[in-house]
Amino acid sequence: MVSKTCYFYDLKINEMSSSGSQKHPSGLYLLFFTEMWERFSYYGMRAIFTLYLVNALLIDKKVASEEYYGSFTGLVYLTPLIGGYISDKFWGNRRSILFGGIMMAIGQLFMFFSASNYENVELAKMLMLGGLTSLIIGNGFFKPNISTMVGQLYAEGDKRRDAAYTIFYMGINLGAFFSPLVCGALGEKYDATGKALPEYFKWGFLAACIGMIVSIISFELLKNKYLVTPDGKAIGDVPTKKADNNQPGESNASSASNLAMWLGFSMIGIVGLWQLVGLDLIGSFIYTLTVVAPAYIILDPSLTKIERDRIIVVYVAAFFVIFFWSAFEQAGASLTFFAAEQTDRNILGWEMPASFFNSFNAIFIVALAPVFSMLWEALGKKNMEPASPAKQALGLFFLSIGYLVIAFGVKDLDPTTKVSMMWLTTLYLLHTIGELCLSPIGLSMVNKLAPARFASLLMGVWFLSTSAANKFAGVLSGLYPDEAKIKLGQIPSFAGFPITNLYEFFMVFVVMSGIASIILFVLSKKLKEMAHGAE
């Protein structure tokens with residue numbers, strides 16, 4: 001789950017803060033509740049999205065994965081860059097969160113209307129595209145700002161901040177756990193022959209809409225009372241750039257001419273990738289901004305050497321996050337297809353919906369979180385705890401092992417045979433272990449390493465790496481082997497290697513994440529030095 005990454009396990013939850021108090025501010029639990037329902041909305045919709053495309057709108061799996069799922073999830077994590085910039089410079093966190101939440105609720109409502117009119121495919125597609133656009137815009141304003149506000153509840157140097165992100169992270173996982181169960185149970189129904197019943201998808205989308213409305217209302221009703229600093233001042237009202245009075249110099253972000261220049265570079269990159277390289281327009285947009293936006297920040301003349309080094313650490317971590325999440329996010333596309341078509345989901349006569357597998361990761365997170373927390377603390381006491389980049393390398397390693405396990409499970413699989421659900425369960429377990437190792441390179445790290453005047457913007461850049469990963473995940477899902485197409489000679493390939501069966505498909509992720517793990521492990525010591533003690 002790309003949006004869940006945070007500095008999760010370098011924790012001593014019961015450590016005293018600088019003020020001597022162990023109790024967390026009430027505002028943290030408001031943000032926890034708000035984020036929980038927002039993630040309920042997002043992951044509930046995502047759990048049934050590709051199934052809706054294929055079974056209700058009768059869209060080809062490759063098109064559904066690459067053009068719809070990949071583009072949507074990619075853009076969902078690209079717009080936080082825009083939302084972060086507007087928040088930092090103009091609106092502040094609170095107004096951005098309200099606007100984003102309303103747009104996301106409208107988006108889910110449009111998805112409900114789309115599914116209500118699935119028999120009129122053209123109308124349903126038009127309504128769906130309107131809904132997806134609204135969700136993409138809304139997430140861009142909601143996601144980076146609520147994550148930034150967690151850190152603002154605490155004074156500088158307060159040791160409870162890491163533990164606060166742990167609690168916040170649990171809210172994300174609770175939403176991610178319940179949403180596929182609720183939205184999947186309501187929206188994913190089958191007849192006696194195993195054929196999906198498209199008239200039910202609308203109820204899953206409606207449940208996602210209601211979850212987003214609950215998120216917005218709770219935030220608006222309680223924000224003035226609870227979202228305050230330790231000395232009682234409201235947080236999130238004033239744009240960060242106006243609130244930060246310690247800027248060492250004028251920044252690029254305040255210069256219209258510099259902004260125009262970087263927008264020009266972006267247009268050149270987008271057109272080049274689209275027309276010369278042959279990428280689709282959305283992919284060209286995402287991949288260009290993945291390069292241009294980080295360059296825009298790192299070349300800002302107001303940055304000191306230490307600030308620039310720390311930002312580089314964020315960038316390197318973000319680069320390797322792309323490899324992790326592009327493989328991990330197969331959960332919403334190719335692994336959902338695998339669960340629906342190739343997995344025996346019968347439990348004592350009950351056919352478990354394929355979308356329910358999207359809850360497994362959250363279940364394992366909740367179960368294993370205390371174990372990893374105690375593990376890192378025990379290793380830390382013995383001065384044996386790995387640096388955060390080394391943990392991220394371990395995360396990529398476990399991701400690779402997860403795909404290796406399921407690759408062997410399907411190596412000699414007959415296309416007409418279904419495998420035990422234990423294969424997918426094991427994969428999700430190993431991927432969760434990988435996520436728990438990777439989590440230290442995340443939200444809290446960005447919060448620690450980012451200069452205050454770039455706090456939300458750098459959070460947007462962090463999510464931008466997830467955007468590129470999700471778009472790439474859609475491309476990789478498009479390699480999922482289709483027996484009918486293969487018989488017609490339509491064989492997908494990756495880096496020149498043909499993908500003719502599930503074993504070859506899963507091995508792509510084994511090799512990709514395994515190589516990334518090795519490279520990052522080699523770089524981890526240097527990255528720790530460049531954090532200058534802020535890790």
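This is a predicted model: local features need pLDDT of at least 70, side-chain atom pairs count only at pLDDT 80 or more; totals for chains, interfaces and linings use all residues.
Local features here need pLDDT of at least 70 and side-chain atom pairs count only at pLDDT 80 or more, while totals for chains, interfaces and linings use all residues. Residues are numbered from 1 along each chain as its sequence is written, and side-chain values use heavy atoms, with hydrogens and water left out.

Begin by selecting residues 305–328, helix α11, together with residues 422–438, helix α15; helices are DSSP runs of H or I, at least four residues, numbered from the N terminus. Their axes, lines fitted to C-alpha atoms over the stretch in contact, lie 12 Å apart at an angle of about 155 degrees, on a scale from 0 to 180 degrees between N-to-C directions. The two are therefore roughly antiparallel, the term for angles over 145 degrees. Within this pair, show Phe324, Trp325 and Phe328 of α11, which meet His431, Gly434, Glu435 and Leu438 of α15, contact being heavy atoms within 4.5 Å.

Next, select residues 61–76, helix α2, and residues 281–298, helix α10, which pack at about 30 degrees with axes 10 Å apart. That makes α2 roughly parallel to α10, as angles under 35 degrees are classed. Here Ser71, Gly74 and Leu75 of α2 meet Ile282, Phe285 and Ile286 of α10.

Finally, turn to the cysteines, among which the structure holds zero disulfides, meaning pairs of cysteine sulfur atoms within 2.5 Å.

How values were computed:
Angles under 35 degrees count as roughly parallel, over 145 as roughly antiparallel, 65 to 115 as roughly perpendicular and the rest as oblique.
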